[in-house]
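Here is a short briefing on a structure with several chains. Look through the sequence and the model, then read the points below by topic.

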Amino acid sequence: MKKILSLILVLMMLIPSVAALAEMPAEGYDGSAVTVKFYHIINRDDQLEVLNNAIVEFNKLYPNITIDAENAGSYNDILNRIPAEIKGHNEPNVTFCYADHVATYNESNAVQTLDELIDHPAVGLTAEQKADFVEGYYNEGKSFGDGKMYTLPFYKSTEVMYYDKTFFEANGLTVPTTWDEVEEVCAKIKEIDPKSIPLGYDSEGNWFITMTEQYGSEYTSATEPHYLFDNDTNKAFVKKFNEWYQKGYVTTAGLYGAYTSGLFTSTDETRCYMCIGSSAGARYQRPAKAEDGSYPFEVGIATIPQVDVNNRKVISQGPSVCIFKKDNPQEVLATWLFVKYLTTDATFQANFGMASGYMPAIKSVLEIPEFQEYLEKADGGDNIAMLSMKVGMEQTDAYYTSPVFTGSATARNQVGNIMTTCLGLTENVDAEIDKAFQNAVDECEYAN
Amino acid sequence: MVESKQQWKAWIYLAPAIVLLLVFTVWPIINTVRMALLNNYSGLKAAGGASFEFGISNFQKVISYRRFVQCLKNTVLLCVFTVPISTLLALLIAVALHSIRPLQKALQTIFFLPYVTNSIAIGMVFAAMFNIVGSFFGTENELIVTSGIINNVIEFFGGTRINWINYGSSYTANMFVMIVYIVWNALPFKILILLGGLTSINKQYYEAAKVDSTPRRRVFWRITVPLLSPMLAYVIITGFIGGFKEYTSIVGIFGERMGPVNDAGRLNTMVGFIYDSLSNSNEGRASAAALILFGIILVVTLINLQVSKKRVHY
Amino acid sequence: MTQKSIDIMHARNLHKTAANQKIGRALVLAGIYAFLILMALIVLFPFYWMLISSVKSLAEYRFSVPTLWPRMILLKNYAEAFTAANLGRLFLNTLYVGLVSTLLSLFITIITAFAFARLEFKGKELLFAALLATMMIPGELFTITNYLTVSRFGWLNSYTVLIVPFLVSVFYIYLLRQNFLQIPNELYLAAKVDGTSDWKYLWKVMVPLSLPTLISITILKMMGSWNSYIWPRLVANDEAHRMVTNGLRNAFTDTSGDVNYPVQMAAVALVSAPLFLIFVFLRKYIMAGVSRSGIKG
């Protein structure tokens, strides 16, 4: 009897310690000295300076947290390293990531869920801070299918439509806001300049996914069954764009054989007058200066065409950050404090946005005077990066997120392939489209 | 004839290599076999505590891939064409380089340059040569910005443009470009080895042949090739082993798509498949595919070794 | 016919044959040169491309139609390449790793190839076949197991991890063994009769006779260090140990992922120059061949 009692007592003492491993201490970070290892891919001096300044500021608040920031190469480098490090138990504390990557990392259950940190009484986000995030960016962290949050947005880019403003004005064309209007404008442009390709769209994958959102049809799901993009609505818009291609209205990077931004900025015979590309790539969408220092044409930037202008949907891209589980809860808390600082501090976000051309993840940057001045300078020439940032920040209501799961990256590649395969079809179009969709689903299901 | 002292000595000579190989080569191979035999093994899931059963389902999954036969076919075809062509070409160049006096140094140095050329540059060169930039091929709106240098040459001589690697290109055209690219890449190494081998041949043999006024062709086939045969065997055998592992060249020309834009994955090879599986953390499947590939390479190498036993003179 | 006229006709015939032979030889020579020059131009083209790309502006590089000659020559790309990538450190790291691994590897290759070529031991054929078999598994599969191994050894972010795993290259052992087998057995037996030990024979006779191959292996191994990317990226990519290809691949990549190729090519050209010089310096040792003094019959 005594033995059983003492056994029960021992067990009762063990329970709290086991629980402590799983939960964050209620007092939050206790000030102990920890090192936080942080992988990023920033390598431009001006951007590095912004990051380093932020680390200095952070250390003023938390002097015992040492931030070991390492440029880990490219996204691919990180994607290759982290799984190996997870297996070897030496992954960093926090890293740049894409949500798709995190789904892969999390097959090992190594990624820390952020919910208990965000809602933590001592160190969590205030209601204000939560609301400050652009909703579309914030929700991406929750798109993993289990309702939990795994990533926070760091900085973002989107797609915008670059157009030749000079040409449009000279020919009395209105900038299209819907796909139907795009079709009309393309027809008109073909009459004015028969040797042109009116519209260029570089990323086929983005195009497909954005269209599914705009039409409200299915793409993928984070829970099984995953691959839902083989449906009639999607086939219909693929067929429509096939007809556009046959009429010479549009091309993509894969079909063209080079970047369509090259078509947009060229001053030779063959050109495109509208080019949908990344907001962070604005400087590639600007023609080279003429000898007298002026630009051959002025570039205008607009939100990409929509199916329904009252329900705008635009893709968002760019890195997020994720935190890895560690045995020492203080390490996790310290990492969280650092991540919180980087993602909620308006000064840092504004400075980084201005240095990189990427869009901050929070809205309060608009209140920072330097940032406002920055946006004021926007024009279609020297300051095209500001213009694209301005347009990007005006459409924050439109950002959607796609489900994240192991295989979401494969899905994106496959639907991109559907677009390139189907747009160039000249015979048996319906049958071939069906086949392309089926092949894509098969590949997706095989890979995962 | 085999002294026990010499046996023991041999093992001392072999010791460093064997120790290193055991740790960094044999152990990973054992691990590979292990992963291949654990159903649906995934390294990340294992790190998270998942367990796997023994079975051959990985092999079944590999073989049932809709493009498995295609991958095999690509791997084998590329090898079968590139190894003989690059070896023969390298042999001719090496012999030619060896036989001239003036300009010898300059030309030898030029043939070394591909080694110091960035692989990205090589990929870009091929793109510039074969890539057609434009759209709407085959329709009334057809727009060609550039047909690539090779097509320009063809059209200059009155021929019609060929679609090498773009939308709608044929498998034959794709393979042609790949073969040219792979041979091009393989030449420098083979020339270096064969040239080194040529300079080691005792000049007395050539002098004797000269005294007899033996015609060049006979000198080549009766003296040079047999004396060079150990190096030739090496170049051919390692050429096949390496050729079966071809993958990065396809990425160099076609990018991650591994094929023309209307048929992604058409040119994928076995190692490409292995690489895809590894990226998806499907180590079990990758290991199974590697073992299948190993089996094929082993058979081919054994055949090669048998042939070389008869043909190679030391 | 007088003997003299027959002699004269004979002499003229010989002359003609000699002349014909000379013409024949000249034609063959011309053919050889034409072939070589054609192949050289083909082989030179990518190198030329790399050079002109390295002096183009990024905008010109991105043109849909690649230009065969740059519109503007931007030598400043080279200056930018030199400063942006911290080339000095990258270069030193690569040189250090290259030299140490090449020297150690040469030693191991020589003694191992010698064992397979000249020493007799049980299981020689089988062991050699097993060695060849290790070449038949794609390297990608070794990476993860080796990563776990070196991680457990605590070798991450050190020079050791960049050097040790690759010291044994079956590829080069096989090559040297072929070369060793070509050295006549009579030499070995003669040396044995003289009482020379195997060790002495190896280093005093076989190594000098295999110099061209050994130089080739040296160059190839150095190249290997220069071009290595995947393994260093995984195990030793910190500032102190980063090597050239890793440094270059990302130094010119913008945060958006776009690469400034022209400047990157300039950096590659700068970094390849030493390799090229090494080759030029060692070239004569490969090409000069080997003198076979001291062999009778």
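**A sheet and a helix in chain A**

In β3(A), A:T95 is the bridge partner of A:Y39. This is a predicted model.

- Strand β1 (residues 34-40) and strand β3 (residues 94-97) of chain A run parallel and are joined by 2 bridges.
- In general, the strands of a sheet pair through backbone hydrogen bonds, and the pairing is either parallel or antiparallel.
- An open sheet of chain A is formed by 5 strands in the order β2-β1-β3-β11-β4, with mixed pairing.
- The edges of this sheet are β2 (65-71) and β4 (152-153) of chain A, each of which pairs on one side only.
- Helix α14(A) lies across β1, β2, β3, β4 and β11 (320-323) of chain A, and it runs at about 50 degrees to β1(A).

Helix α15 of chain A:

- Helix α15 (residues 346-356) of chain A is mostly covered, since 8 of its 11 residues are buried.
- The buried residues of α15(A) include A:F348, A:F352 and A:M354, and also A:Q349, A:N351 and A:S356.
- A:A350 and A:G353 are also among the buried residues of α15(A).
- What covers the buried residues of α15(A) includes the helices α2 (45-61), α14 (329-344), α16 (369-376) and α17 (384-394) of chain A.
- The strands β5 (155-164) and β12 (359-360) of chain A are also among the elements that cover them.
- Just after α15(A), A:G357 takes a positive phi of about 85 degrees.

**Chain B**

- Chain B has 13 helices and 2 strands.
- The C-alpha trace of chain B spans about 70 × 70 × 30 Å along its principal axes.
- Of the 314 residues in chain B, 46% are buried.
- Taking contacts in chain B between residues at least 6 apart in sequence, 67% join residues at least 24 apart.

- The domain assignment divides chain C into domain 1 (6-54) and domain 2 (78-287).
- The centres of domain 1 and domain 2 of chain C, taken over C-alpha atoms, are separated by 37 Å.
- Contact between the domains involves 4 residues of domain 1 of chain C and 5 residues of domain 2 of chain C.
- On the side of domain 1 of chain C that touches domain 2 of chain C, there are 2 nonpolar, 2 polar and no charged residues.

The contact with chain B:

- In this contact, 69 residues of chain C meet 73 residues of chain B.
- The elements that give two or more residues to the side of chain C that touches chain B include α1 (3-54), α4 (87-118), α5 (124-134) and α14 (261-287) of chain C.
- The largest share of that side, 15 residues, comes from α1(C).
- The side of chain C that touches chain B has 50 nonpolar, 13 polar and 6 charged residues.

The contact with chain A:

- Here 19 residues come from chain C and 24 residues from chain A.
- On the side of chain C that touches chain A, the elements giving two or more residues are α6 (140-153), α12 (230-235) and α13 (244-251) of chain C.
- Among them, α6(C) gives the most, with 4 residues.
- The residues of that side of chain C divide into 7 nonpolar, 7 polar and 5 charged.

Definitions and conventions:
Residues are numbered from 1 along each chain as its sequence is written. Chains are lettered from A and ligands numbered from 1 in the order in which they are written. This is a predicted model: local features need pLDDT of at least 70, side-chain atom pairs count only at pLDDT 80 or more; totals for chains, interfaces and linings use all residues. Two residues are in contact if their C-beta atoms, placed from the backbone, lie within 7 Å. Ala, Val, Leu, Ile, Met, Phe, Trp, Tyr, Cys and Pro count as nonpolar, Asp, Glu, Lys and Arg as charged, and the others, Gly among them, as polar. Domain bounds come from an automatic or database domain assignment. A residue is buried if 20 or more other C-beta atoms lie within 10 Å of its own, exposed if 12 or fewer, and partly exposed in between; C-beta atoms are placed from the backbone. Two strands pair if DSSP finds at least two bridges between them. Axes are lines fitted to C-alpha atoms, for helices over the stretch in contact, and angles run from 0 to 180 degrees between N-to-C directions.
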